[in-house]
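Colleague: Before we discuss this model, could you put the sequence and the coordinates up, so that we can go through the fold and its core together?

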Amino acid sequence: MLRPTVVNVKVENNYLLLLEFDNGEEKEFDVKPYIKGNWFGMLQNASYFKSVKTNGYNIEWPEGQDICPDDLYYNSKALS
C-alpha cells in the first residue's frame, strides 16, 4: 500500500508545518531537526521557510530542498 501524499502545506510558528494528505489526514511536521548544514540551513531564513510549496507528492522549497514523503507522513504528529 502506498503512503498518503501531501496535497496542502501551511507554515506554522517555530518551523512547524501543517500538512494535509490525500487521505484527508492532517498532521503537524517539525522541520527543526532538518535545519543544519549549508543546504538545509537556508531554511533558517523565515521568509525562505515560508516559501514552501507542495508538488502533489511531497513538499519543496525554491532552491530544491525537500523532505522525503515517508518522513513527512510517518514522522509527523496527527492532529485530532
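Modeller: One term is needed at the outset: two strands are said to pair if DSSP finds at least two bridges between them. Please keep in mind throughout that this is a predicted model.

Colleague: Which residue in β7 does Glu 28 stand opposite?

Modeller: β3 also pairs with β7, residues 77-78, in the antiparallel sense and over 2 bridges. In that pairing, the residue of β7 that stands opposite Glu 28 is Lys 77.

Colleague: Which element gives the most residues to the largest nonpolar core?

Modeller: That core has 18 residues, and those with the most contacts inside it are Leu 17, Leu 19, Val 31, Leu 43, Ile 59 and Trp 61. Two or more residues come from each of β1 (6-12), β2 (16-21), α2 (46-49) and α3 (69-74). The element that gives the most, with 3 residues, is β2.

Colleague: Which residues does Leu 43 touch, leaving aside those up to four places away in sequence?

Modeller: Leu 43 is among the residues with the most contacts inside the core, as are Val 31 and Trp 61. With residues up to four places away in sequence not counted, and with contact taken as heavy atoms within 4.5 Å, the residues that Leu 43 touches are Tyr 15, Val 31, Ile 35, Tyr 48, Phe 49 and Trp 61.

Colleague: Turning to the whole chain, what is its radius of gyration?

Modeller: The protein chain has 3 helices and 7 strands, which follow one another along the sequence as β-β-β-α-α-β-β-β-α-β. The globule rule gives 12 Å for 80 residues, and the value for this chain is close to that, so it is as compact as a globular protein of that length, with a radius of gyration of 12 Å.

Colleague: And what percentage of the residues count as buried?

Modeller: The accessible surface of the chain comes to about 4900 Å², of which 49% belongs to carbon and sulfur atoms. Taking buried to mean under 20% relative accessible area, the share of the 80 residues that count as buried is 39%.

Notes: Residues are numbered from 1 along each chain as its sequence is written. This is a predicted model: local features need pLDDT of at least 70, side-chain atom pairs count only at pLDDT 80 or more; totals for chains, interfaces and linings use all residues. Side-chain values use heavy atoms; hydrogens and water are left out. A nonpolar core is a set of buried Ala, Val, Leu, Ile, Met, Phe, Trp, Tyr and Cys residues joined through side-chain atoms within 4.5 Å. Buried means under 20% relative accessible area, exposed over 50%, partly exposed in between (1.4 Å probe, protein chains only). Helices (H or I, at least four residues) and strands (E, at least two) are DSSP runs, numbered from the N terminus. The radius of gyration is taken over C-alpha atoms; the globule rule is 2.2 Å times the number of residues to the power 0.38. Accessible areas come from the Shrake-Rupley method with a 1.4 Å probe; for residues, only the protein chains shown count as cover.
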